[in-house]
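Work through the exercises below with the sequence and the model side by side. Try each task before reading its solution.

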Amino acid sequence: GIILGIETSCDDTGCAIVDVEGNILGEALKSQHLIHLNNGGIIPPIAQDLHRKNIEHVVYEAIKVANVSFADIDAIATTVKPGLPLSLLIGLRYGKHLCREHKKPFMPIHHMEAHALTARMYDKNLQFPFLVLLISGGHCLLAVAEKVDKFLLLGESIDDAPGEAFDKMARRMKLKNIPEYSQLSGGQAVELAASKADDPLEYKFQIPLLQYKDCNFSLAGVKNQVLGHLIKEERKKDVLADGVIPGVNNLCAGFQLVVTRHLCHRVQRAMEYVSRKQLIPLDKKTLVVSGGAACNNFIAKGLTIICDELGYKIVRPPPKLCTDNGVMIAWNGVERWKENIGMFTDFEDIGIEKSSPLGERLIEDVA
Ligand code: ATP
Ligand code: FE
């Protein structure tokens with residue numbers, strides 16, 4: 001079994017070829033990050049144009065590196081949901097085109113399922129069921145992964161996702177005007193600035209949803225609190241030439257700390273629920289953390305403390321696998337191929353979906 005995977009859900013055009021053992025035979029990735037950074041955010045038609053321009057080259061690059069031909073490939077996996085519709089469409093069309101041309105089955109992939117399952121490629125001993133926290137540019141969710149295609153959704157963000165909040169705040173703080181930060185994602189920029197704080201407790205923030213006994217997340221309030229401090233500092237008019245406030249490092253540290261505490265608080269709730277309902281065997285307790293914001297070492301440190309305290313092993317794929325890439329889509333294809341699910345020879349009616357819940361939402365209250 002060799003699967004080719006295509007990812008175009010947001011601003012990265014990715015392709016990879018992965019075998020049943022999880023060996024990456026070849027991969028290619030074309031990021032649009034810098035272009036969108038200069039535009040102050042992703043403009044969907046621009047993202048679509050860039051995917052259209054790059055997709056063919058990225059796919060052929062991955063095939064070249066893998067040194068395989070289409071005859072060796074068993075199926076083509078492609079992200080079809082959730083994501084930016086214009087971006088998803090390019091992958092969908094190209095994936096289907098390849099399937100028609102080479103008579104291969106088409107495998108529609110859920111982007112968040114792929115973020116979660118990458119952990120099983122990275123850690124070959126990781127078995128179902130496991131608890132998973134996905135923190136990315138568009139999502140924040142906690143789920144129990146029960147099978148390849150079965151997730152129990154414990155909670156999700158009711159407003160912003162962590163990556164999104166970091167990106168918006170970094171932009172608002174004008175971090176990219178600092179030369180050292182100019183090429184970083186918002187999350188990376190905030191993490192770096194926070195690491196330079198001389199007083200991480202200068203700005204204190206309220207942990208969101210403390211009184212709610214569920215596993216949902218909210219970052220809009222935190223964002224507004226940060227914004228409030230920022231505006232106050234800017235009014236003091238000792239803003240530096242590049243538009244950055246002098247206390248930016250401390251502000252970033254406070255922001256990162258409250259996000260981390262919020263995530264830890266919800267994860268702890270989820271762990272309590274999981275243990276009460278015996279959803280994961282005691283000797284297999286594992287928390288997977290994935291998605292772009294899982295690259296954040298401060299957040300990971302906080303989560304590690306919770307895991308240590310509550311007897312969980314933590315599995316965090318390396319940054320390259322946490323942010324968007326073709327490998328996770330190909331690997332998701334492998335996972336489905338092994339179970340003989342989700343392969344379509346009749347695929348013309350398969351479409352894209354802008355949003356799509358991961359698995360079944362828990363009906364009863366987690367509390
Ligand atoms: P989704 O997966 O929800 O569709 P996405 O695919 O756009 O969203 P990813 O590629 O998984 O998101 O992750 C990108 C996000 O990760 C960006 O918002 C970025 O700021 C964030 N990120 C990257 N590195 C870090 C970091 N060190 N700390 C916090 N956030 C980070
Ligand atoms: Fe993603």
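Helices (H or I, at least four residues) and strands (E, at least two) are DSSP runs, numbered from the N terminus. Residues are numbered from 1 along each chain as its sequence is written, and chains are lettered from A and ligands numbered from 1 in the order in which they are written. This is a predicted model: local features need pLDDT of at least 70, side-chain atom pairs count only at pLDDT 80 or more, and totals for chains, interfaces and linings use all residues.

**Exercise 1. Cis peptide bonds**

Task: Which loop holds P129, and what is the omega of the peptide bond from F128 to P129?

Solution. 
Step 1. P129 lies in the loop between α4 and β6 (130–135).
Step 2. The bond from F128 to P129 is cis, with omega near -5°.

**Exercise 2. Positive phi**

Task: What is the phi of N67, and what is the phi of K103? Are these residues buried or exposed?

Solution. 
Step 1. Start with the rule. Most residues other than glycine have a negative phi.
Step 2. N67 is not a glycine, yet its phi is positive, about 55°. Its place is the loop between α2 (44–66) and β4.
Step 3. K103, also not a glycine, has a positive phi near 55°. K103 lies in the loop between α3 and β5 (106–110).
Step 4. Now apply the burial cut-offs. A residue is buried if 20 or more other C-beta atoms lie within 10 Å of its own, exposed if 12 or fewer, and partly exposed in between; C-beta atoms are placed from the backbone.
Step 5. N67 has 10 C-beta neighbours inside 10 Å, so N67 is exposed. K103 has 8 other C-beta atoms within 10 Å, so K103 is exposed.

**Exercise 3. Packed helices**

Task: How do the axes of α4 and α11 lie to each other, and how do those of α5 and α7?

Solution. 
Step 1. Two packed helices are described by the angle between their axes and the distance between the axes.
Step 2. Axes are lines fitted to C-alpha atoms, for helices over the stretch in contact, and angles run from 0 to 180 degrees between N-to-C directions. Angles under 35 degrees count as roughly parallel, over 145 as roughly antiparallel, 65 to 115 as roughly perpendicular and the rest as oblique.
Step 3. α4 and helix α11 (residues 326–339) cross at roughly 75°, and their axes come within 8 Å. The pair is therefore roughly perpendicular.
Step 4. On α4 the contact uses E113, A114, H115, L117, T118 and M121; on α11 it uses M328, I329, W331, N332 and E335.
Step 5. α5 and helix α7 (residues 220–235) pack at about 10°, with axes 11 Å apart. These two are therefore roughly parallel.
Step 6. Here α5 gives A165, K168, M169 and R172, and α7 gives V222, K223, V226, L227 and L230.

**Exercise 4. The whole chain**

Task: How many helices and strands does the chain have?

Solution. 
Step 1. The chain has 11 helices and 11 strands.
Step 2. Of its 367 residues, 52% count as buried.
Step 3. Along the principal axes, the C-alpha atoms fill a box of roughly 65 × 50 × 30 Å.

Definitions and conventions
Two residues are in contact if their C-beta atoms, placed from the backbone, lie within 7 Å.
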